Amino acid sequence: MKPKQLNRRRQRYISIPLLWGVALILCISTLWGQKFLPMVTLDALIILALAIISELRPVHFERDGFHLILSMPFLIGLLVIGGPIAFVVAEASICITAILMQYSGQKRKMGLRLITLNLPISLISSCFAVMSYSLVQRISNSPREWVFATVIAVAVYEFTNCFSVLLVNSISRKSSVSGEFIRSYKTILAGVIVLIFVALATASLIHEKRVVLLPVLLAPILMLRKLAKEQMAIDNAGYETMVTLTLMLQRAHPYSHGHLGRVGLIAEEVGQRLGISHRRSRLLREAAVLHDIGKIAIDEKILDKPAKLTDEEYEHVKLHASYGAEILQGSKRFKEIVPWIRFHHERPDGRGYPSQLSDIEIPLESKIISVADAFDAMVGTEHEESQRSYRVPKTIDEGLAELERCSGTQFDPSVVAAFKEVILSAR
Amino acid sequence: MISTLAMLFIAKIQLPKRKIAQENDSLGIFSRAIELRYPGQRGLSDRVVELGLATASELKLDSIDLRNIETAALVRDIGLCAVPWAMVNYKGKQNWTTAEFATYDQRLLAGAAMLEKIPTLKHLAPILRAVYEICPSAPAPITKRIPVSSMVLGVVERYLITERLADASQAKEVLAKESGIRYDPKVVEAFFRVLPVHSVKEKVEAIV
C-alpha cells in the first residue's frame, strides 16, 4: 500500500519527518556490514523485470487513501539471490519509478511529493522484511527454512507497510488507526494472502533453479489486480449513488451546496465522541449526507420562500423526511440508515414529525443528525448559495446558545453536549 | 494455480453479478427519487426500458448497447431536478408552452452534466446529449451521426410522451412523419415491429 495525499499540512510536518527518521535508522542498522552483490545475472534481471511489470499499474483506492502494490512476491526473489542491499535498493527504485511513471507531465510535482511520503514507508517495510527473513534463517534448523522465511518476510513487509499507511492516514484524518484498519481490512487481508502464495512459488522456483518459469506467476498477480479493481468499483458504487443524489438535490435546491457534506462530517465526529462504533459512525455520516434527500420531491419555491409558510406549505415540507426514507428503502446498500433519515426531525418531547416518537424510540443517530442539521442551518458558511433565503445566519456562539436553549425539548441533551465539545475543540 | 482459478471465478462470475446488482440498486434509487418529485412520470421509465430493450434486440444490438440503453433509460430523468416542480406537477404536459417543453428537454443536458461527475456512469453522458440532439425542441438541425442507443431512446421516448399527451395512433403518426428526418428509419421500423407485442401485454396486464 502507498498512502495518497490526504492532508498535506499534517503529512508535511508530522508524518514525513517521522517516517524519514525511522527509515534512516532502520536502513543503517539493517544494512550496515552487508555485502552488496552485483545484480547483472539473468535470474536477477528476470525478477527485476517482473517486479517492475507488477508495479506498473497499481490499483488506486482513492477514498481509502492508498494504492495496492503487487511487486513484493518478486522482490522476495531478489532478497534470496541478491541479498538485503539488493532487495532494499530494488524496492526503493521500483517505488520511485512507478510513481514517476504515473505522475508525469503536469502532475510531476505531485509525484515528487508522493515519493517523499512513500519512499520512507517502502524502506521501513523492506528493512523489517529483511530482519525477519534473516532471523528465521538463523533460528530455523529445518531444511525448508526458506519457506518459513519467505512467508514471514512477505507478511511482515505487507503488514508493516499497511500499518504505516494507516498510521499516516489516521494522522491526516485525525482518526484512529483501528478505524482506518476497519475501513480497509478486507482488501488488505485478501491481497496479503495471495501475495504470500505467489512469493512462496517465487522462492520455490528460485531454489529449484527454474527462474525462467517465473513469468507464469504474473497470472495470479494480474488476476489480483483485476479483482481489486472490480471490488473497488463495487465499493465505490454506493458512494457514487450518494454523490448523484446530492447533485440532484443541489440542482433542485442550490442552498444545500456544502450543507450536506458539513452535516455529514460533524455528525460522524459527534457519533464517535458518543462512543458509536467506527462502522456505525461511517454509516451515520452517510445518513447525515443523505438526510435531506427527500427534498428532491419538495417544491423548491416553498423551500426558498422568504416569508412564513402557510400550514399547507409546512405540511408539504414536512413530507421530506418520509420521502427521503422512501427513496432509499428499496436499496440493500442503504437499508440500515433508512430509519435514521426518516426520524431526523423527531423530538425528545414527542412533538416532532413524521411519527411523533417518544424520546426512547428515536434512534441516537437521528438525534445526532437533527442537532448537526439545525446548527448548520442556523450558522451555515459565508458561501452565498448555502445561505437560507428566509433567515440571517447566526454566529457559532449564537448557534450553540440556541441548541442549549432547545436541549431537552427539540434536541437530546447528551447529543447537544457532545456536539458542543466537537465544535469548541475545532476552534 | 488453484488461487488463480479461484480468483478467475470470482472476477468473471461472482463480482460482475454483484456489480450489476449494485448498479440496479442505485438505478432503482434514482427512479424512486424522480417518481416522487413528479408522480405523473410514474411508470414511464419502466416503459422506456421495456420498449427500448425490445427495439434494441430487434435491431440485434450487442449486450453492451443493451445494458447502456437500460441504464440510460433509468438515469435519463435525473436532470428533471433542474425543471421547476410546479411546471410538471401543477400544470401538466398538455398545457405546456413550447418554451416549457424546451425546458423539459433540457433535463437531458442537465442529467448529462451530472453524470459526467460520476466515474461509473459518465459513459452515459454522451448518450443523453445525443438524445437531446434529436428532441423536438433541439435548436440545430441534425448534422452528425447519432449513436444507435440514443436513437432508440429518442424514438421510444417521443412515442411514449406523445401517447400520454394524445393517443397511440397520433404518436405513431409523429414517428412515421419524422422518420428519415429526425429519426433513423431502421430504428423506427424496428420499434413499430415490437410495439404491438408490448402494447398487447400492457392491455392484458391492465385488465388482469
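A:Ile53 is partly exposed, with a relative accessible area of 42%, where partly exposed denotes the range between buried (under 20%) and exposed (over 50%), computed with a 1.4 Å probe and protein chains only. The model is predicted, so that local features need pLDDT of at least 70 and side-chain atom pairs count only at pLDDT 80 or more, whereas totals for chains, interfaces and linings use all residues. Residues are numbered from 1 along each chain as its sequence is written, chains are lettered from A and ligands numbered from 1 in the order in which they are written, and side-chain values use heavy atoms, with hydrogens and water left out.

A:Ile53 is found in helix H2 of chain A, helices being DSSP runs (H or I, at least four residues) numbered from the N terminus.

Six aromatic pairs are present over all chains, rings of Phe, Tyr and Trp (its six-membered ring) being paired if their centres lie within 6.5 Å, with planes under 30 degrees apart counted as stacked, over 60 as edge-to-face and the rest as tilted. The ring centres of A:Phe375 and A:Phe419 lie 5.0 Å apart with planes at 65°, so this pair is edge-to-face. Because A:Phe375 belongs to helix H13 (residues 364-379) of chain A and A:Phe419 to helix H15 (residues 413-426) of chain A, the pair ties together parts 44 residues apart in sequence. Both A:Phe375 and A:Phe419 are buried.

In chain B, B:Trp96, B:Phe101 and B:Tyr104 form one aromatic cluster. B:Trp96 is buried, with a relative accessible area of 8%, whereas B:Phe101 is partly exposed at 25%.

Note on methods
Helices (H or I, at least four residues) and strands (E, at least two) are DSSP runs, numbered from the N terminus.
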